[in-house]
Amino acid sequence: MENLIIPLLGKSLKSKEILSFIRQYNLPANPKIELDYLGDIFESKSANEKSGIYMTFEGYKRFKYGYGEPAEIIKNPDKSLFLTEISLENDYTNNKIPSIIKFPFGLIQGDDYKTVVNKIGKKPNKKGVSSYGKYYLDRI
């Protein structure tokens, strides 16, 4: 089974792949859009809390600034949203039920730091602490 997540990153909310994913996992296809102080699209979030799938989309200008020109633009870029984050949550620590979506790189929930580094094939370039706890970050 190929990974469904990584190929979706950077795609337009209106792309066939994103719309198919949204339908398959019962996420809202027209999430509420937040604007920045200039009136440009800032971001939008689409979530299915029951399945623990959360998607964050950013507006064209914000996306372009952070990631470069999107690979695909459908219709008007200034009114487009592009996928920048997918979060999968299921309280694995307490219930030990695996995610309904396969993780990239053969990762599984519960992998320790050394196993993750081994599977990904590189060490993170940033460590930090957030409200979730410790984290390690690297761009893939």
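Start at the largest cavity: by class, two nonpolar, one polar and three charged residues line it. Here Ala, Val, Leu, Ile, Met, Phe, Trp, Tyr, Cys and Pro count as nonpolar, Asp, Glu, Lys and Arg as charged, and the others, Gly among them, as polar.

This is a predicted model, with local features needing pLDDT of at least 70 and side-chain atom pairs pLDDT 80 or more, while totals for chains, interfaces and linings use all residues. Residues are numbered from 1 along each chain as its sequence is written, and side-chain values use heavy atoms, without hydrogens and water.

Select Asp-40, Ile-41, Gly-59, Tyr-60, Lys-61 and Asp-78: these line the largest cavity. A cavity is a set of points on a 1 Å grid over the protein atoms alone where a 1.4 Å probe fits but cannot get out; lining residues have an atom within 4 Å of a point. The space inside is about 30 Å³, taken as that filled by probe spheres set on the points.

Next, show the strands (DSSP E runs of at least two residues). Four of them form an open antiparallel sheet, ordered β1-β2-β3-β4. Pairing takes at least two DSSP bridges. At the edges are β1 (33-35) and β4 (81-88), each pairing on one side only.

Zoom in on β2 (41-48) and β3 (53-59), joined antiparallel by six bridges. Pick Ser-46; its bridge partner in β3 is Met-55.

Now the helices (DSSP H or I runs of at least four residues). Helix α1 (16-24) packs on the sheet and touches β3 and β4; contact means heavy atoms within 4.5 Å. Finish on α2 (60-67), which lies across β2, β3 and β4.

Terms used:
Axes are lines fitted to C-alpha atoms, for helices over the stretch in contact, and angles run from 0 to 180 degrees between N-to-C directions. On a 1 Å grid over the protein atoms alone, a cavity is a set of points where a 1.4 Å probe fits but cannot get out, and a pocket is an open set with protein on both sides within 12 Å along at least five of seven lines; lining residues have an atom within 4 Å of a point.
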